[in-house]
Amino acid sequence: MSGRFAFSKGLKEVRFLFCQTGEHSAATRSFLLRNYPAMKKDNPATPILIRDASGTLPKVYARFEFGKEKSQSLEGLSDQQIEETVSSLVKNSS
């Protein structure tokens, strides 16, 4: 797949955690509003989970084959930095 958010073959799930009202999660909410449709279009079979809970710091998790999981904090990042972080996380299964 050649899309901007084409996930690696070994990626089984992507999970976003953030606060639905907190200022520290504003960039994450903006990123998801803008990019979720493109991510889902490029990867229709991969679950993209969105978990919002009061007071939660923004973080993204990527679960790969054999239960291997990686996470990255999104706190303090701009919308563009979040895009770069998510892109590198979902394309790197090693």
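Strands and helices are DSSP runs numbered from the N terminus (strands E, at least two residues; helices H or I, at least four). Keep in mind that this is a predicted model: local features need pLDDT of at least 70, side-chain atom pairs count only at pLDDT 80 or more, and totals for chains, interfaces and linings use all residues. Residues are numbered from 1 along each chain as its sequence is written, and side-chain values use heavy atoms, with hydrogens and water left out.

**Stop 1**

Zoom in on Phe66. This residue is not a glycine, yet its phi is positive, about 65 degrees. Phe66 belongs to the loop between β3 and β4. Is its side chain buried or exposed? Phe66 counts as exposed, at 83% relative accessibility. The cut-offs are under 20% relative accessible area for buried, over 50% for exposed, and partly exposed in between, with a 1.4 Å probe and protein chains only.

β3 and β4 run antiparallel and are joined by five bridges. Two strands count as paired if DSSP finds at least two bridges between them. Select Val60 and Gln72 together: Val60 stands opposite Gln72 in β4.

**Stop 2: the whole sheet**

Show all strands. The sheet is open, has four strands in the order β2-β1-β3-β4, and its pairing is mixed. Which strands stand at the edges? They are β2 (48-52) and β4, each with a single partner strand, so one side of each has no neighbour in the sheet. Neighbouring strands are turned against each other by 15 degrees on average, direction ignored. Such angles are taken between axes fitted as lines to C-alpha atoms, for helices over the stretch in contact; they run from 0 to 180 degrees between N-to-C directions.

Strands of a sheet pair through backbone hydrogen bonds, in a parallel or an antiparallel sense. Step through the β1 pairings:

- β1 and β3 run antiparallel, joined by six bridges. Select Leu11 and find Phe64 of β3 opposite.
- β1 and β2 pair in the parallel sense over five bridges. Select Val14 and find Ile48 of β2 opposite.

**Stop 3: the charged network**

The whole structure holds five salt bridges. A salt bridge here is a side-chain nitrogen of Lys or Arg within 4 Å of a carboxyl oxygen of Asp or Glu. Side chains of opposite charge can pair when their charged atoms come close.

Start with Glu13 and Arg15. Their closest N and O atoms are 2.5 Å apart, in a salt bridge. Both residues are buried: Glu13 at 12% relative accessibility, Arg15 at 18%.

Arg63 is in strand β3 (residues 59-64) and Glu13 in strand β1, 50 residues apart, so distant parts of the chain are linked. Arg63 counts as partly exposed, at 29% relative accessibility.

Return to Arg15 and go on to Glu69. Their salt bridge puts the closest N and O atoms 3.2 Å apart. Arg15 lies in strand β1 and Glu69 in strand β4 (residues 69-73), so the pair ties together parts 54 residues apart in sequence. Glu69 is partly exposed, at 38% relative accessibility. Through shared partners, salt bridges join Glu13, Arg15, Arg63 and Glu69 into one network.

The charged end of Arg15 sits over the ring of Tyr61, 4.7 Å from its centre. That term needs NZ of Lys or CZ of Arg within 6 Å of the ring centre and within 35 degrees of the ring normal.

**Stop 4: the aromatic pair**

Select Phe16 and Phe31. A search of the whole structure finds one aromatic pair. The ring centres of Phe16 and Phe31 are 6.1 Å apart and the planes stand at 45 degrees, so the pair is tilted. Phe16 lies in strand β1 (residues 11-18) and Phe31 in helix α1 (residues 26-42), so the pair ties together parts 15 residues apart in sequence. Rings of Phe, Tyr and Trp (its six-membered ring) pair if their centres lie within 6.5 Å; planes under 30 degrees apart are stacked, over 60 edge-to-face, the rest tilted. Phe16 is buried, with a relative accessible area of 0%. Phe31 is buried too, at 0% relative accessibility.

**Last stop: confidence**

Colour by pLDDT, the predictor's confidence in each residue, from 0 to 100. The chain has a mean of 90, and 95% of its residues reach 70 or more. Where is confidence lowest, and where highest? Lowest is helix α2 (residues 79-91), at a mean of 90; highest is β1, at 96.
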